[in-house]
Amino acid sequence: MRISATIARPPAPVAVRMRRLVSLALVHAVLISGAVFMLLPFVFMLTSAIKPPGEIFEATFRLWPRQFYGWQNFDSALNTAPLLRFLFNGLVVCGGILVVQLLVAIPCAYALAKLSFPGRPILFSLVLLGLCIPVQAPSLPLYIAFAELGILNTYLSMMLPFFLSVFAIFLFRQFFKSYPDEIIQAARLDGVGEFEIVWRIVVPSAWPAIAAFSIFSVVAHWNDLYWPLIVVSDTKLATPPLGMMYFADSELGSNYGALAAGATIITAPLVVAFLIARRHFIAGITMTGIK
Amino acid sequence: MAGLTLRGIGKTFGDTAVLNNIDLDIADGEFLTLVGPSGCGKSTLLRIIAGLESQDRGSVSIGGTSVDHMRPHERRIAMVFQNYALYPHMSVFDNIALPLTMTRLSLFERLPLMRHLSLRRRRVMDEIAREVRVVAEQLRIETFFHRRPGQLSGGQRQRVALGRAMVRHPQAFLMDEPLSNLDAKLRVHMRGELTELHARLGATMVYVTHDQIEAMTMSDRLAVMDHGEILQLGTPADVYELPATIAVAQFIGSPAINLFPARVGSGGQIELLGRTLPIDVRNAPAPELTIGVRPEAMRIGGGPCTITCRLRRRENLGSESILHFDLVASPEVPVLCRIDNGMPIPEGEVTLAFEPRDCHVFDNNGRRIEVESRNAASRDVRRASEVR
Ligand SMILES: Nc1ncnc2c1ncn2[C@@H]1O[C@H](COP(=O)(O)OP(=O)(O)OP(=O)(O)O)[C@@H](O)[C@H]1O
Ligand SMILES: [Mg+2]
């Protein structure tokens, strides 16, 4: 099969082949330089985490240090700051946000996509409008409200503003829109109620979209410094970036090796999670057409 | 099982009226087929009967009781969809069992983890499994109980969809082009199975199809729809033999009926292309008429009713041929004739003949005109023999 295909195809003229090769090389050169540019800070962080203090700012950059100093850096990072505590906080906050976001957004998205009721177009335009408002805009009223309620310095205060994600509603609505109406109608005839249609019939087909959204959500909230900084002043509740900030300021201000080791530790869970969910993530993105 | 009654059903989407004043009585155990051109509202009518769509006007009763206020599953009606609409993430068994688990288990017993706490659930599930197996044996699908719908062929999926409909013992089955996604051979096979199933269950069925043969062979009665109205309702033989309008005549029968413009001649007889046919049409409301003659009623040769045509091409169907002619008098009018192979194929100008009793006469509004009692009587005799 393959042989016949190669034989059957007439050989392209040399000039055409050369041009094809050059353009291919050019495209890859651009893409590779872009990738290197993006990866460089990350590589710098990783190498710094295993270098002794003296080597980090040497004029010549080397990937592997002359003296391996990784143990010491990771040791001081883990012992000076409660890094595991920060990781745990990050897990609680991101997990809590994600679970509630999914529980709220999926039924909303289903209603917007598949149920007809008066006011649906207006509600959907509100969702689109909500996409345009940055989180920073309502932060002052939110802060005041939380202070009045006395919930500053709690996990809840870090999670509450994000429970309702218009982005999730929008994403799932687009995904559910393409779900076949006939299956939903068959379920109604079989006596499945609307809530169970959502959770038992539609959601099992929506895993790619859920995986994609989960990555977006977890990355955003794991890395968020702004909101935790506003509502939390207790180090015990700090999320990883906030914790790193305290840690950089006070104890280890100039121990860059240990700082890099700490940064490595707090980014590792995300990278690992992405690698695990990669296939679903890419399937979800290509399916919803969102980049 | 129960009969269905529709009274004055109307439905409008936006500005377009999709259904106008549909009245229909479907007897208990009857097989009624809905046919009509695409977009005429057949699926909408089925969805209204099922309660998936609400009508703007009129009412639906099942077994004599109005169901207008009931939700789809409370109407106890099963529907089979064109693309099967199986639940893609569930096994064949779960697909068929779902209607039963939904009605017999409580919400608590259906929850993912909680359900293991219920003792009753086990007993109910055993009972459900037995019923599912009974249905699966009838449809011969028990061998792939644990596969997903995606791993089945079209015919197998169709049978699973039927199983899901049957397991609930519904009051009536609604089927929306259930065989149209199958290949020709499988379609013939499933047609037989559906007919047998109907006979065995004695079920009331409303069946939508685009397929002439399905419509003619499977149904007790046929409803021809167009533009949201029922043009004619009757047995397949009735509709074929006595089409009420030109639209019905054109829709039923394949290849399509030949139509010729004609008028009422001086003696009150039909004048077709300058020739007078021995058919009395004095009761026509206006002088303009349309004559319909089925291709299978045409033959080559002479007789009391003839037209002169020129052969354009021939379609060989194996045992018979469809000959495509143009009228010599007005070449834009096509004429089809169906002949057995083995007959000599004519060349050049040909005289085609038909019997007066095979003539369908329509007035200027496209409505059928009953002509000459002698012809009608002979037709009735023929019809009676065909029904048998
Ligand atoms: N949800 C809807 N909103 C607006 N218009 C609709 C809707 N559903 C159906 N229609 C319109 O109603 C008309 C009838 O549709 P329906 O599906 O009943 O046709 P059909 O007879 O089943 O056609 P087909 O043979 O192609 O399946 C069509 O013109 C269609 O565009
Ligand atoms: Mg349809």
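Visitor: What should I know before we start?
Guide: This is a predicted model, where local features need pLDDT of at least 70, side-chain atom pairs count only at pLDDT 80 or more, and totals for chains, interfaces and linings use all residues. Residues are numbered from 1 along each chain as its sequence is written, chains are lettered from A and ligands numbered from 1 in the order in which they are written, and side-chain values use heavy atoms, leaving out hydrogens and water.

Visitor: Okay, how many helices and strands are there in chain B?
Guide: Chain B has 10 helices and 20 strands. Both are DSSP runs numbered from the N terminus: helices are H or I with at least four residues, and strands are E with at least two.

Visitor: And what does chain B span along its principal axes?
Guide: The C-alpha trace of chain B covers about 90 × 45 × 40 Å.

Visitor: What share of chain B is buried?
Guide: Of the 388 residues in chain B, 52% are buried. Buried means under 20% relative accessible area, exposed means over 50%, and partly exposed is in between (1.4 Å probe, protein chains only).

Visitor: What about the accessible surface of chain B?
Guide: That surface comes to about 17600 Å², and 50% of it belongs to carbon and sulfur atoms. Such areas come from the Shrake-Rupley method with a 1.4 Å probe; for residues, only the protein chains shown count as cover.

Visitor: How many of the contacts in chain B join residues at least 24 apart?
Guide: Counting contacts between residues at least 6 apart in sequence, 65% do. A contact here means heavy atoms within 4.5 Å.

Visitor: Let's switch to charges. How many salt bridges are found over all chains?
Guide: The search of the whole structure gives 25. A salt bridge is a side-chain nitrogen of Lys or Arg within 4 Å of a carboxyl oxygen of Asp or Glu.

Visitor: Why can side chains pair up like that?
Guide: Because side chains of opposite charge can pair when their charged atoms come close.

Visitor: Which residue does B:E193 meet in a salt bridge?
Guide: B:E193 meets B:R140, at 2.8 Å from N to O. This pair links distant parts of the chain, 53 residues apart: B:E193 is in helix α6 (residues 184-201) of chain B, and B:R140 is in the loop between α4 (119-139) and α5 (154-166).

Visitor: Is B:E193 buried or exposed, and why?
Guide: B:E193 counts as buried because its relative accessibility is 18%.

Visitor: Which residue forms a salt bridge with B:R299?
Guide: That is B:E355, with the closest N and O atoms 2.8 Å apart. These two also link distant parts of the chain: B:R299 sits in strand β15 (residues 299-300) of chain B and B:E355 in the loop between β19 (349-354) and β20 (360-362), 56 residues apart. B:R299 is partly exposed at 32% relative accessible area, and B:E355 is partly exposed at 26%.

Visitor: New topic: where is the peptide bond cis?
Guide: One cis bond runs from B:S254 to B:P255, with omega near 0°. B:P255 lies in the loop between α9 (246-251) and β11 (258-264) of chain B.

Visitor: What is the phi of B:R76?
Guide: B:R76 has a positive phi of about 55°, although it is not a glycine. B:R76 is in the loop between β5 (65-66) and β6 (77-80) of chain B, and it is partly exposed at 42% relative accessible area.

Visitor: And what about B:Y84?
Guide: B:Y84 is not a glycine either, and its phi is positive at about 75°. B:Y84 lies in the loop between β6 and α2 (92-104) of chain B, and counts as buried at 6% relative accessibility.

Visitor: Now chain A. Which residues of helix α11 are buried?
Guide: In α11 (residues 194-202) of chain A, they are A:E196, A:I197, A:V198, A:I201 and A:V202.

Visitor: What do the buried residues of α11(A) pack against?
Guide: They pack against α5 (83-114), α9 (166-177) and α10 (181-189) of chain A, together with α2 and α3 (107-110) of chain B.

Visitor: Last one: where in chain A is A:F68?
Guide: A:F68 is in the loop between α3 (53-56) and α4 (70-80) of chain A, and is partly exposed at 36% relative accessibility.
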